[in-house]
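Here is a walk through one protein model, from a single helix to the core and then to a pocket. Keep the structure open as you read.

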Amino acid sequence: MAERVQQDLELMLTELEQMQRVGLLSAEETKMVIKKRKRYEYKMQKQTKIKEDILAYIQYECSLLDLIELRRDKIGYLHKKNEIDDAIAKRIHRLFKITEHRFGHVDEKVWITHLGFLQRMHWKAECGKVLKRFTQASGGQSEDVWIFASRFQGDQQIGLSRTLLLEGLRFHPESIKIYREYFMLEIGFCKDIKANPELGEDLEDPQAVSDGEIVKTVFEKALETTQSPLFAAEMLTLVQKSKLYR
C-alpha cells in the first residue's frame, strides 16, 4: 500500500512544484498539501472504501482549486493552467467517478454535485457522459432523474432535453410529472422560436413549431395517456399563462 501511495504522490509533484515556483503556494503550504494528500491517498488504497473519506478528499481538492484561482487573480498569473488547474480538476473528476461507481446507486446527490463541478469547468463532453451514466444507474426508476437530466441540458440543448424526457416516458408512460415537464419544455421552445425565428433555421418544419403544433400534440398525447381531467386543466392553464395562442 505504501509503495502505491508513494507512486501516486510522485505523479502529483509536477503540479506542486509549478505552484510553488510561480508563487501560487508557499513552501510551507506545499508541504501541507503533500501531507494532506498522503493521508487521503492511504484511505483511497483501503479495500473497503468509505464514501465520506472520498467526499472529504474531493472537498479538499476543490478548496485547493478555489485557492489557486484566487491566488491567480491576486498575482495576475494566468499561465500553466493545464499543468496546475486541470491536473487538480482531473483528480476531482476521477474521485467523483470512483464515488459514483461504488455509491452512486444509493446517492443521487453525488451525481448532481459531479455534474455541477463539470459545468463549472465547462467540460461539456464529460457532462454528457456522466449524465448518461446517471440515468443508467437509476435504472430509469426515478422520474426526478429524467427531469433533472433534461433541465441540466439547458436551453441550448433542446433536442437532448426532449430525448431525455421521451426516454423517461418510456419507463414511466403515465407520468404526469414527466409529461408536465415535456409540455413546459415545448411551450418554452415555441415561445423562443416566435421571438427569434433564427433558432428554427435547422428545424425540419419551423413553422409547425412556431404555430404550436408540437405543443398541441404533446397535450393530446398526455391527455390520452394520463386520462386525468385535472392535469388537462393544468396544461390549459399553463398555455393561457404563456400567452402562446392569442
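Which residues are exposed on the other side of helix 1? They are Glu3 and Leu11. This is a predicted model, so treat every position below as computed.

Now turn to the buried residues of helix 1, which spans residues 2-11. They are Val5, Asp8 and Leu9. These residues lie on the same side of helix 1, because they cover an arc of only 100° around the axis. A general rule of helix geometry applies here: an α-helix has 3.6 residues a turn, so residues three or four places apart point the same way. The buried residues of helix 1 pack against two partners, helix 2 (13-21) and helix 3 (27-44).

Next comes the core. In soluble globular proteins, nonpolar side chains tend to be buried together. Here the largest nonpolar core holds 64 residues. Those that touch the most other members are Met19, Ile68, Ile92, Phe117 and Phe183. Helix 10 (residues 176-195) supplies the largest share of this core, with nine residues. Take Phe183 as an example. Leaving out residues up to four places away in sequence, Phe183 touches Val215, Val218, Phe219, Met235, Leu238 and Val239.

Last, look at the second largest pocket. Its volume is about 300 Å³. The lining has 13 residues, and Gln119, Lys124, Phe152, Gln153 and Gln157 lie nearest the centre. Helix 6 (108-121), helix 7 (124-137) and helix 8 (143-153) each give two or more residues to this lining. Helix 7 gives the most, four residues. By class, the lining of this pocket has seven polar, five nonpolar and one charged residues.

How values were computed: Residues numbered from 1 in each chain as written. Predicted model: local features only at pLDDT ≥ 70, side-chain atom pairs only at ≥ 80, totals over all residues. Heavy atoms only, no water. Core = buried A, V, L, I, M, F, W, Y, C linked by side-chain atoms within 4.5 Å. Buried < 20%, exposed > 50% of the residue type's maximum accessible area, 1.4 Å probe, protein only. Contact = heavy atoms within 4.5 Å. 1 Å grid on protein atoms, 1.4 Å probe; cavity = no way out; pocket = protein on both sides within 12 Å on 5 of 7 lines; lining within 4 Å. Points joined across faces, edges and corners; volume = space filled by probe spheres on them. Nonpolar A, V, L, I, M, F, W, Y, C, P; charged D, E, K, R; others polar. Arc of directions from axis to C-beta.
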